[in-house]
Amino acid sequence: MRGRVLALQAMVFLGSTPIGGPIVGYIGQHFGGRYSLGVGAVGCLAAGAFGLLQHQAKRIDPTVAAPEAALASEVALGS
């Protein structure tokens, strides 16, 4: 399972370069390096905010964080 997760992570990081690279290059060529760096920073902050929101959602609702544990507790209680 861990290998599959790492493969997907590598595909996301390596697979997004052919799409994002030309876009940021175009912005840098036509508007300057500061704007291309800003686009990268906005993308980084958006990804960080998304990850933080996902983490907070899993901390609040235990069934999201560990659905098998919630199912096991229901079975043990006879629900």
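Helix α2 has 15 residues and spans 20 Å from its first C-alpha to its last, close to the 21 Å expected at 1.5 Å a residue. That expected span is 1.5 Å times one less than the number of residues. Helices here are DSSP runs (H or I, at least four residues), numbered from the N terminus. This is a predicted model, in which local features need pLDDT of at least 70, side-chain atom pairs count only at pLDDT 80 or more, and totals for chains, interfaces and linings use all residues. Residues are numbered from 1 along each chain as its sequence is written, and side-chain values use heavy atoms, without hydrogens or water.

**Confidence**
- The protein averages a pLDDT (the predictor's confidence in each residue, from 0 to 100) of 79, and 73% of the residues score at least 70.
- Confidence is highest in helix α2 (residues 17–31), at a mean of 91, and lowest in helix α5 (residues 67–77), at 56.
- Where pLDDT is low, the predicted coordinates should not be read in detail.

- Tyr35 lies in helix α3 (residues 33–60).

**Aromatic pair**
- Rings of Phe, Tyr and Trp (its six-membered ring) pair if their centres lie within 6.5 Å; planes under 30 degrees apart are stacked, over 60 edge-to-face, and the rest tilted.
- The count by this rule is one aromatic pair.
- Phe31 and Tyr35 have ring centres 6.4 Å apart and planes at 65°, so the pair is edge-to-face.

**Exposure**
- Phe31 is exposed (over 50% relative accessible area; buried is under 20%, partly exposed in between; 1.4 Å probe, protein chains only), at 56%.
- Tyr35 also counts as exposed, at 56% relative accessibility.

Conventions
Helix = DSSP H or I, 4+ residues; strand = E, 2+ residues; numbered from the N terminus.
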